[in-house]
Each structure stands twice: as C-alpha cells, then as structure tokens.
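The report below works through selected local features of the structure shown here, with the cut-offs stated as they are needed.

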Amino acid sequence: MTVLRTLAATVAVAAVALGAGARPFTPEDLVQTARLSGPVAISPNGASVAYIQTQYSIEAKRQSTRLVVQPLLPGGEPVLVAEHLADPPSAKAGGGGGGKNRIQASQPVWLGDDTLAFVSTDPETHTSTLFSVRSSRRRGWSKPHAVLKTAVPIADVQFSAASGVLAFTAEVYNGTTTLEETAELDRQDRERADSGRVYEELWVRHWDTFASPKLPQIHAVHLARKHDGSLRPKQAARNIIRDTVAGGRLEAAASFVFSPDGRQVAFVAKKPGADYAWRTTSYVYLASVDGTAATPINANDKGASSSPAFSADGSRIAYLQMAAPAYEADRNQIWLYDAASGSAAPVAADWDRSPAQIEWADADTLLATYDDWGRRKLARVDVRTGAVTPIVESHSVGTVQRVPGTAKLLVDYSGFDLPTDLFLVSADSGALEQVTRLNPRLGEEVFLSAPEDLEFAGAGDATIHGFLLHPPGFDPEKTYPLAFVIHGGPQSSFADAWSSRWNLNVLAAAGFVTVAMDVQGSTGYGQNFTDAIRNQWGGLPYDSLMMSLEQLLATRPYIDGNRLAALGASYGGYMINWINGHTDVFKALVNHDGMFSTVSTYYSTEELYFPETEFEGAPFAPEARKNYERWSPERFVHNWRTPTLVIHGERDYRLVVSEGLSTFTALRRQGVPAKLLYFPDENHWVLKPANSLRWHREVLDWISRWTPASADAGLPVQPAARFRVQGDQ
C-alpha cells in the first residue's frame, strides 16, 4: 500500500505531468472501469477485506463479477476467490443462459478469520444460497460449500460472531411465517392467467418497480459449527419483525446493524399508513434476534431517520434524524439514544451541516461524513462537547467502517480525477493509505483533468461554488467550447467525487472546458442555502447560474462565448427546459430525464412529499397551484429555440417518460432541432454498460455538432442574447 500524505496535491501534479504523454479519457474507458459493487466486508481480525468487483468488456459484450480478498498488511496482493462471466446478449437470446460458472458471488460476509461467505441467487429458481470458502496457507481458498439455502432471494446478509447469528432481509408476504410460504405464493402468482394488479392506496410504484404485496423484512438464523469446522443452521430462519405493531406494513428499507453482543439489530423503517407517499416519517427500530417484533426508539420524531450505530458497549445508539415530516432534504442532526433511560439528546446541535453516515470511533467520539463546499469530508464529533474536527477534507469519502483491533478506518474514496478505491484512514490524523488500485491506467496512461475551484457572486448575495476542468493539452492562448453542467436533486452537490454516469472528465476529454456550479438548493453550504430553492425552482438557481456564466466568460477569455452547451439531468433537466424558455445564449442543450410540467409531474410521480414541499402544497390547492404554474417550464415553450437532445428511460417512475416525450413534442412541433434518445430498459439513471456507452456517444456527438469552431469563435457574446426577460415568472 502507498501512504498518501498530501493526496490532492500529489494527484493533481501527477495528472498535469502525465498529460503530455497520456491519451484522453473516453466513454469506452469509463464504461470499462473496474468498479466496487455492494458492501465491503472486513475480517474479524482486521487482516483482510473482501469485496465484489465488476467490469464490463465492450468487445465481449458482457460483464465479469469477481469476489476478491485483499490483505490489509503492507505488500499484500489481492486474491481472486471466485469469478463469474455473464453470457453475452447473443447467448441469452439463444436460450444459453447461466454464464461461465453459475455461481455469481454477491454480498461477502466473514463467518470467521479464515472463513468467508457470499450469496449467490439463481434467477431461474428464484432461490439464494449462502456459500462459504475457507483459507489455509497451504491450499489457499477452498471450493464453495453451501451453508444455507433459502426458498426466496435474500439480501443485506450480516453475521455476528458474538451470538453466532446470521441475519438477512427477504421480501415476504404479510402474514406468512416461513420463506417457503412466500415461495409458494410467488409460484402461484407466476402461474396465474391474468397480469392485473389492484391498488387501493398510494405508493403504487417506486423508483423503477411497481409495489407488490411483499415487503423486505429481517430474518435471523443461528449457525452451529460442526466438528470439521463447517457451519450449519440450527433451525429455520425466523422473521424477527413480523409481528411488529406499526399500524400497517413494516418495510425494513434500509440496512440493519447488530448490537455488540449480537442479540439485537437496529434498523430504519418508514412509518406505515395511508400517508406513506406524502410523509417521510421513519423510525429507528430495535428487534431481538430471537423475537418476532420490533420497537421504535424515537416514536415521537416526525422526520426521516437513518444510520443507527451501536456504541462498543451497546449502551447507546447514535442515529441521524430530520425534523420535518415531509422534507427529504432537511438537515440530518445527530442524536444519541441511551438504552438505560430510554431518552435521546442531540449532539452538535449547532453544526450547520447534514451528515450522511455516522460511526463510533471510541466511547466519546463519532465519525461523520458530510458535504462541505464541494467535498464529502470526514470529521470526528465529540459527543460530550459537540466539537467537530475534520480529518479528511480533500476529494470525497464514501462509506466508513472501523477496522477491528486498530485505530484505522476503511473507506471508499474518490475524486474527479481519482477513480474510486478503498483506503485506510487514521481515525486520529486522517492520513490515507491506498488499499486497492482497481484502475491503475487511469491517471497514468489515460489523462484525467484535475478540478479547479470556482467562486462567483450569485443571486441574493450568495457565494456560488463550483468546479472547472480543462481539456487535455489545454492552452490558454486558444479558445474552447464550454460544457455547463447542472446537477439533479436538486438538493445534492457536484462534489469532487468519481462518477460512472455524469463524469466531468469525459466532457473535458472531448475538448470542452467543463464547468459545474452548486447553486441554491445544493448541499454542503448550510441548510439555509439548501432550503433557498423551495418555491424558487426557476428563480434564484437560474439567476445564479446565469450570473456565474457571465462572470466565467468575463474572466476566462479562452472560453468561446459563442460555443456554449448546457447539460442536466433530473432537476438539471428541468433547468435545461427552463433555460430554453428564458435565454438563447446556449447553442446546444441536453435534457436527461427532466421535467416538462410541474403539474403533470405531481400526478405521475411517486414520492408526493417532494413536490408538496418544493412547491408548498399540492396543485389541487388553489394557492399552491399558483406556485406549480409559476415554475412550470411548459408555460414558456413558445420561446424554445435552442437545439436539444432529450433522453428518457421508460422505467423512470420519478419523472415519467411522458415528460421527455412532451419536451420532444414541443421542440419538434415548433421546428426546433431536437433528438430523442429513448431507453426502454432504464430508469432515472442509465445503468447498463452498453446503454451508458450509447448515452455518452449521443451526448458528445450532439454538443460537438452544435458548437463547432467557426469564424465567430472568440467574438464577444451579444448582450441581448444573454437573458430573455419574460416578465411574468
């Protein structure tokens, strides 16, 4: 492993130095990167980590899945434990199926220092098997051995060595007592002649799936070690939350954690009820591994809960809590629950940041990840004083785990110019040690542009932060087109992190100066800044974007103001439609899964709490209706003139495909150049590698087509073209 002292500076200098000899980064490079998939498991003795690595091959048209064990000791080399090669499309069409090696590993979990388990789910039989492999110095890793077979697919597998309990989630029907009952009901459902589904309440579908009568619930089974060292279940798995009195269906939607003694689990579940679609209320529940019911520890809270974490002695549970009952972007605040008294109190109540995950470092200290000025940082939080001390402030920290027996943490860590890898972090100093090198060619043979921080004056006297990436071989004496990227959410951030979807280096490598700004609504700049977008969707954020653009063009003469392209997804796609109705400064636009009409979106989306918070009510309420109509891009389609690429997925139930079709219709019916890229098998994101490659090729082709170098290159942009004042907005 390599010790990285000043990591950000080191990587940035390396990227510049290698730029002359390295080739540009391409969509083909991005699609074929090796990626971490699912949870990373640390062995009980802290000596090794196990992870799933996936990688797609464009030539073979298929993806490999590898189970890898990486020693954490210096000089340790990764060991391939299992590998699965998916069938190429031609084999699937011909009915071949199964891939090379039918066992496809997922969800690694350690059952001992030398025993690793993983799940393999058979898509044909709809069953799962938990396999184990054992390591020895002489023979290496053994062949897979079946520990547990389940009648239905399982997920979120965890094991407590303290109690010998294996726990997992499985989707089961309400009222069933065994997994076999659910499997039989599934079989009957597959064999029925009709395909109709009946709903009497909302939450008909979510994200990309229609709701079913089944719910993910937690199951537990005690494992016993046999004389040969192998493990076997003592009895059938038990649903440990089945009888919870919750006023309806209890859905363990988030992962769970074991107590230190392995006798309890803590998990988060949304409050059931008829208001499920327009409330975010959820609780932290406690359940015994030998029981059948769970109890909430924070039943008086109104907002969403997340990230429960037991203290080392099990006496306290730290968790994150929002206050508002229908606002998914409310500030997460740290709370500490005392098991003896049953009471809870806030920690660091005045900290104006919204942590995403917390974990215990020691009895008096929590670790928290959080967005802050374009980085996802890691800090120590003193539970006694509330003092917050950042320990990793560069790039972006993902999931954090403690390494047993050490003062170190295991994190996934990345940057715009640093593909995601696993790192060890000192919990005291924040010093980083790289554990994996999944994509060593990137940054060495392939040039990655280092980000430059930007700050501009925005609407309402706000400071607007963002990033700029230069193309390879950048020469400030030349001029370049601009890719102006607008993030979705809208309550999110363009953090300095690697992305397999909106990767800014792909745009920069195509020859565009690439800029991404965090305007009002973004996270990491205080809760007031995040809240500032409410009932202001086309107001403050739009003004800040255009003000930032004007300042950018005034201070960066190498950006050709006549060759500007803007791109955005989700809320960013909304903003693309809004931009088209309010300015003609851009030569090309790209709208991915964006919003056409705020009103139609309300009646077709699933999470109603989102628009009801953003627009201060439902559109059937007269006063709120005014807000929806005020900020609807559909009102301004008569002004649309800019060539636009529209992209939408059929399985997007957040912003349904009719929003994209409506956008395309409005453009072409008025004679505006446009193209529709439709994916029948994608949701709000484009996840399949081959589809991702097509997405990138279409996007780059579109923005390059409409921003060619011309005789007008470098000439000032005419002031009249900057803004088109509509008056009634």
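Predicted model: local features only at pLDDT ≥ 70, side-chain atom pairs only at ≥ 80, totals over all residues.

Residues are numbered from 1 along each chain as its sequence is written, and side-chain values use heavy atoms, with hydrogens and water left out.

The buried residues of α7 are Pro-541, Tyr-542, Ser-544, Leu-545, Met-546, Ser-548, Leu-549, Leu-552 and Leu-553, buried meaning under 20% relative accessible area, exposed over 50% and partly exposed in between (1.4 Å probe, protein chains only). Their cover includes the strands β36, β37, β38, β39 and β40 as well as helix α8.

## Packing of α7 against α8

Helix α7 (residues 540-555) packs against helix α8 (residues 571-580) at an angle of about 75°, with the axes 11 Å apart; axes are lines fitted to C-alpha atoms, for helices over the stretch in contact, and angles run from 0 to 180 degrees between N-to-C directions. That makes α7 roughly perpendicular to α8, a label for angles of 65 to 115 degrees.

Pro-541, Tyr-542 and Leu-545 of α7 meet Tyr-571, Met-575, Trp-578 and Ile-579 of α8, contact being heavy atoms within 4.5 Å. By class, this contact of α7 with α8 has seven nonpolar, no polar and no charged residues.

## A sheet of four strands

An open sheet has the strand order β23-β24-β25-β26, with antiparallel pairing, and two strands count as paired if DSSP finds at least two bridges between them. Its edge strands, each pairing on one side only, are β23 (305-310) and β26 (343-347), and the twist averages 25° from one strand to the next.

Strand β25 (residues 333-338) pairs with β26 in the antiparallel sense over five bridges, and Tyr-337 stands opposite Ala-344 in β26.

## Two individual residues

Ser-426 is found in strand β33 (residues 418-426) and is buried, with a relative accessible area of 17%. Leaving aside neighbours within four places in sequence, Ser-426 is in contact with Ile-391, Ala-407 and Ala-431.

Gln-235, in the loop between β17 and β18, is partly exposed, with a relative accessible area of 37%.

Key. Helix = DSSP H or I, 4+ residues; strand = E, 2+ residues; numbered from the N terminus. Parallel < 35°, antiparallel > 145°, perpendicular 65-115°, else oblique. Nonpolar A, V, L, I, M, F, W, Y, C, P; charged D, E, K, R; others polar.
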